[in-house]
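Dear colleague,

Please find below the structure that I am handing over to you.

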There are 2 protein chains.
Amino acid sequence: MRSPKSRATPRGGPETGGGNRGEFVAIERLRRRLPGPPAGQVWIGDDAAVLGTTEGRVVLTTDVAVAGVHADLGLIGLDDLGWRAFAAALSDVAAMGARPLGAVVAVAGPPTTDLDLLYDGIAASSEAHHCPVVGGDLSNSSELAVAVAVTGEVDGEPGPVLRSGARPGDNIFVTGPLGGASAGLRGLRDRGGAGRDGSSEAVALETAHRRPRARLVEGETARRSGATAMIDISDGLLADLGHVADASGVGFRLDRVPVAPGATIDDALGGGEDYELVVVAARPERLAAAFADAGLRPAILIGSCSADPAERTLDGKPTVALGWQHSWG
Amino acid sequence: MRSPKSRATPRGGPETGGGNRGEFVAIERLRRRLPGPPAGQVWIGDDAAVLGTTEGRVVLTTDVAVAGVHADLGLIGLDDLGWRAFAAALSDVAAMGARPLGAVVAVAGPPTTDLDLLYDGIAASSEAHHCPVVGGDLSNSSELAVAVAVTGEVDGEPGPVLRSGARPGDNIFVTGPLGGASAGLRGLRDRGGAGRDGSSEAVALETAHRRPRARLVEGETARRSGATAMIDISDGLLADLGHVADASGVGFRLDRVPVAPGATIDDALGGGEDYELVVVAARPERLAAAFADAGLRPAILIGSCSADPAERTLDGKPTVALGWQHSWG
């Protein structure tokens, strides 16, 4: 978070103004509610945040969430939007096998935006993922957009896990059952909003949509155990695994896809936004042992990579990538 | 830049859609026009960018620019908005005495946004500041917002230069004449847009507004020469120096403020967005020698810090912080 400064054109800038007074008040309030840095670090309040030292590789990523595009605020809260935006950026860090050092949050939105509610979700996501909010910026805008950027590190060997490292014969895993977020969103639509169904299955699905978890420990554990390729499932298993296949020049044969209770196989294949990881590994026994040692639930074997890039099958039948490609038409 | 993935809610997401098809095409085009990474780094195309190793302190900052708030697109181009957003984020890195490692750019905007023109300015700013664009995200939104996040490093000693280190008796410098950006904006308003006045002074002022430079070399040189406090001038000299005084618990006495040719003293004191640095130094001769050794134009002595935090004078008269405070009413 910046200290009370503004990028607004001062003194005769466009009449819409930068909301400086509101920015000042909001930043002071947000600053008080977020945890402060350990000794030797500087977070909110100077020109840039100063994080710890690292001797590893530095990673950087950003994700933007827009109200009405990435979250239907008729169905979930601004706090959920904040949580999801934060988790989505962290999920990209997880997919490299990296550890987050800190995140900054840039918010552009109408002056009427309930920043406290938005930051409730951001702060909760920050705490749950052990990644501090170290700075940010605020501006007026007619539509709410939240951009989260995270920097992190990959210390030691092996290095970051790219999409391009999968080889024929490698095994393909996912870190959990899929389709929950998609089924949860459908349930919210059917019921017209959150919290209107008491069944534990419905609540679990709703939570999968509203409060997804970035698989940071899983990603780092997979890297250390020699994963050859990795990606997070944001667009849907087939679409995201397709990116790995494209980048690696391999095909894939799936024979089992774990479906979250209450979700459908279509949700699991194309639903997206589960933020589980696809982990490709040449030595599955090392992956299993590392996950067990870390106290993680076992990664789930779903298939293997093949040499023919055109081969993309489930139970021997060709797959069609669902998910984001649906909106190409 | 992300590879062709999207955070849009797939399959039945809000009908506004995530603009995935457009995102795919735009990202591929932008990726081709931006320089690629050196061996061992990964920029656009994986889940997160992988930068170099560092053994120093990691810094992180973000700045958001909104069309109509931070830039009047009736007066300057989308390329200028892109340049300015990028430079503003880098200026925060400069004000820590840090070196940028890479930047990510999150863009939310209408589908009609001329992304090529926007990225012309971002790419030019990236090249001019020697800071690569290593990733980003795109989304639909009704209003254009550009959030730039930069990570960097502070290697060796001394550490990052904070706002809070100024001490009574320290000298106060600026890295260049002030008020040009403000006067340039006024000139653009008077003439109704860019490029309509051939005088070299008018062009220089207009450029100061459209294409400000972050003082990265100056900031790092000042840190190495023992600067005690530093801030970039985004809101106006008096406002930003006021932040240093507040954080350090000192006052200031100014006796000379350098005014850009064609600008007024009010522009220089309160205009903001010049992105020159305020450098506070206990040993001005070290600063002067370091700037000379680095081939930089000399930093300009404008006054000194005093022990009384309430003392904030210019030529012995009390100052009133201009700039962003004007819009508090």
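Predicted model: local features only at pLDDT ≥ 70, side-chain atom pairs only at ≥ 80, totals over all residues.

Domains of chain A

The domain assignment divides chain A into domain 1, residues 20-154, and domain 2, residues 163-328. Between the C-alpha centres of domain 1 and domain 2 of chain A there are 25 Å. Their contact draws on 17 residues of domain 1 of chain A and 23 residues of domain 2 of chain A. On the side of domain 1 that touches domain 2 in chain A, α2 and β3 (99-109) of chain A each contribute at least two residues. The largest share of that side, ten residues, is supplied by α2(A). Sorted by class, the side of domain 1 of chain A that touches domain 2 of chain A consists of ten nonpolar, three polar and four charged residues.

Helices α2 and α6 of chain A

Helix α2 (residues 78-94) of chain A and helix α6 (residues 216-224) of chain A have axes that come within 8 Å and cross at roughly 10 degrees. Because angles under 35 degrees count as roughly parallel, α2(A) is roughly parallel to α6(A). The residues that meet are L90(A), V93(A) and A94(A) from α2(A), and L216(A), E218(A) and G219(A) from α6(A). By class, this contact of α2(A) with α6(A) comprises four nonpolar residues, one polar and one charged.

A sheet with strands from chains A and B

An open sheet of five strands, with mixed pairing, runs in the order β1(A)-β2(B)-β5(B)-β3(B)-β4(B). The edges are formed by β1 (49-53) of chain A and β4 (133-140) of chain B; each has a single partner strand, so one side of each is left without a neighbour in the sheet. On average, and with direction ignored, neighbouring strands of this sheet are turned by 20 degrees against each other. Within the sheet, β3 (residues 99-109) of chain B and β5 (residues 145-154) of chain B are paired in the antiparallel sense over nine bridges. V107(B) is placed opposite V146(B) of β5(B).

Residue V66 of chain B

Strand β2 (residues 57-66) of chain B contains V66(B). V66(B) counts as buried because it has 30 C-beta neighbours inside 10 Å, where the cut-off for a buried residue is 20 or more. Leaving aside residues up to four places away in sequence, V66(B) touches A108(A), S139(A), N140(A) and S141(A), as well as E143(B), L144(B) and A145(B). From C-alpha to C-alpha, V66(B) is 9.6 Å from G109(B), although 43 residues separate the two in sequence.

With kind regards

Terms used. Residues numbered from 1 in each chain as written. Chains lettered and ligands numbered in written order. Axes fitted to C-alpha atoms, helices over the stretch in contact; angles between N-to-C directions. Helix = DSSP H or I, 4+ residues; strand = E, 2+ residues; numbered from the N terminus. Parallel < 35°, antiparallel > 145°, perpendicular 65-115°, else oblique. Contact = placed C-beta atoms within 7 Å. Nonpolar A, V, L, I, M, F, W, Y, C, P; charged D, E, K, R; others polar. Pairing = 2+ DSSP bridges. Buried ≥ 20, exposed ≤ 12 C-beta atoms within 10 Å, placed from the backbone. Domains from an automatic or database assignment.
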